[in-house]
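Please view the sequence and the structure first.

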Amino acid sequence: MKEQPKRIAAIDIGTNSFHLIVVEVSKSGKVKYLDKERVFLRLGSEIKDGKSFISENDLTIAISTLKIFSKILNYYKAEVRAVATSAVREAENNMDFVNRVFKETGIVVEIIDGKSEANLIFTGMKNALPIGDKSVLGIDIGGGSTEFIYAVNGFTKFAESVRIGAVRLSKMFFPDFIITDKAVKNCEEYVYDQILSNKNILKDIKLDYAIGSSGTVDTICLVKEYQIKGKVAKELNGYEFHQTEFGEIYTLIMNLKTSGERMSIPGIEEKRADVIPAGLIILRQAFKIFNINKMVLSEFALREGVVFDMIEQNK
């Protein structure tokens with residue numbers, strides 16, 4: 001009897017969105033993508049006495065989303081690993097979340113720490129781009145945290161998570177999602193201090209180029225592509241932009257003070273228009289700190305990293 005290809009899946013329970021990816025792996029190791037889902041959902045929106053909680057409403061929506069994911073997993077008969085990041089990691093009631101999700105969907109949620117998240121993201125990046133013998137800095141700006149991974153010749157020198165994310169900083173500095181000069185300045189200073197306060201992150205590094213993944217970097221590439229071609233290619237993996245191009249897009253977006261105005265720019269998704277300024281501030285400060293000249297988009301991030309890690313573990 002012919003051996004069936006193995007089907008595996010990853011679920012990424014993020015601060016700003018939930019992702020599902022399902023792949024089929026042949027005996028020779030070839031990966032075929034079967035399904036991909038994304039749902040915008042913000043967790044940890046409830047704050048009590050300065051502590052973050054996953055609200056009953058967020059939990060209900062999360063379970064509803066994961067029930068849909070569970071049906072997809074059953075359809076493909078896929079082995080799954082579900083990982084939760086910043087929002088669940090920091091929520092006071094995170095084990096209630098994990099237990100309720102398992103009880104109602106059968107999905108086991110693994111809360112991963114920041115360093116594990118950073119390493120898995122870089123596993124995704126390495127499988128998206130031919131890094132080879134280069135010195136690269138991977139940057140993944142999420143909703144609650146940003147991961148920084150520096151590697152030389154494919155070997156990681158540091159992999160760190162900093163508690164700065166587009167949703168987190170929007171709540172802190174732009175609670176009404178309206179940009180003011182004072183809020184931007186305060187946010188910039190906070191981001192700069194948070195990155196440099198992590199002593200494992202070395203700023204004086206040799207760098208051939210940076211690799212960016214997730215929503216903020218996706219948005220920059222989409223806006224640039226619309227500006228040049230008036231449309232967007234289906235595949236943007238490996239898309240490049242330079243410091244000057246980023247500066248132009250940064251100025252364009254940051255001059256639009258409200259979410260409604262930002263939505264008018266082709267390439268900015270409606271669900272990201274409110275938090276994109278904070279994401280851009282994080283990236284701009286990273287460009288300054290690490291003296292980045294060029295960034296390359298990796299369409300693979302945490303969820304793909306989980307998949308390739310599972311493939312490696314199954315060998």
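## Terms and model

A residue is called buried under 20% relative accessible area, exposed over 50%, and partly exposed in between, with a 1.4 Å probe and protein chains only. The model is predicted: local features need pLDDT of at least 70, side-chain atom pairs count only at pLDDT 80 or more, and totals for chains, interfaces and linings use all residues. Residues are numbered from 1 along each chain as its sequence is written, and side-chain values use heavy atoms, with hydrogens and water left out.

## Leucine 252

L252 is partly exposed because its relative accessibility is 35%. This residue belongs to helix α8, which spans residues 243–254; helices (H or I, at least four residues) and strands (E, at least two) are DSSP runs numbered from the N terminus.

Apart from neighbours within four places in sequence, L252 is in contact (heavy atoms within 4.5 Å) with V223, Q227 and I265. Between L252 and I265, which are 13 residues apart along the chain, the C-alpha separation is 9.1 Å.

## The chain as a whole

The chain contains eleven helices and 13 strands. Its radius of gyration, taken over C-alpha atoms, is 19 Å, close to the 20 Å given for 315 residues by the globule rule (2.2 Å times the number of residues to the power 0.38), so the chain is as compact as a globular protein of that length. Along the principal axes, the C-alpha atoms fill a box of roughly 65 × 50 × 45 Å.

Of the 315 residues, 54% are buried. Among contacts with a separation of 6 or more, 69% involve residues 24 or more positions apart.

## A five-stranded sheet

Five strands form an open sheet in the order β3-β2-β1-β6-β7, with mixed pairing; two strands pair if DSSP finds at least two bridges between them. At the edges are β3 (31–40) and β7 (109–111), each pairing on one side only. From one strand to the next, the twist averages 20°.

Strands β1 (residues 6–13) and β6 (residues 79–84) run parallel and are joined by six bridges. Within β6, V80 is the bridge partner of A9.

## Helices across the sheet

Helix α1 (residues 56–76) lies across β1, β2 (17–25), β3 and β6, at about 5° to β2. Such angles run from 0 to 180 degrees between N-to-C directions, with axes fitted to C-alpha atoms, for helices over the stretch in contact. Helix α3 (residues 94–105) lies across β1 and β7, running at about 160° to β7.
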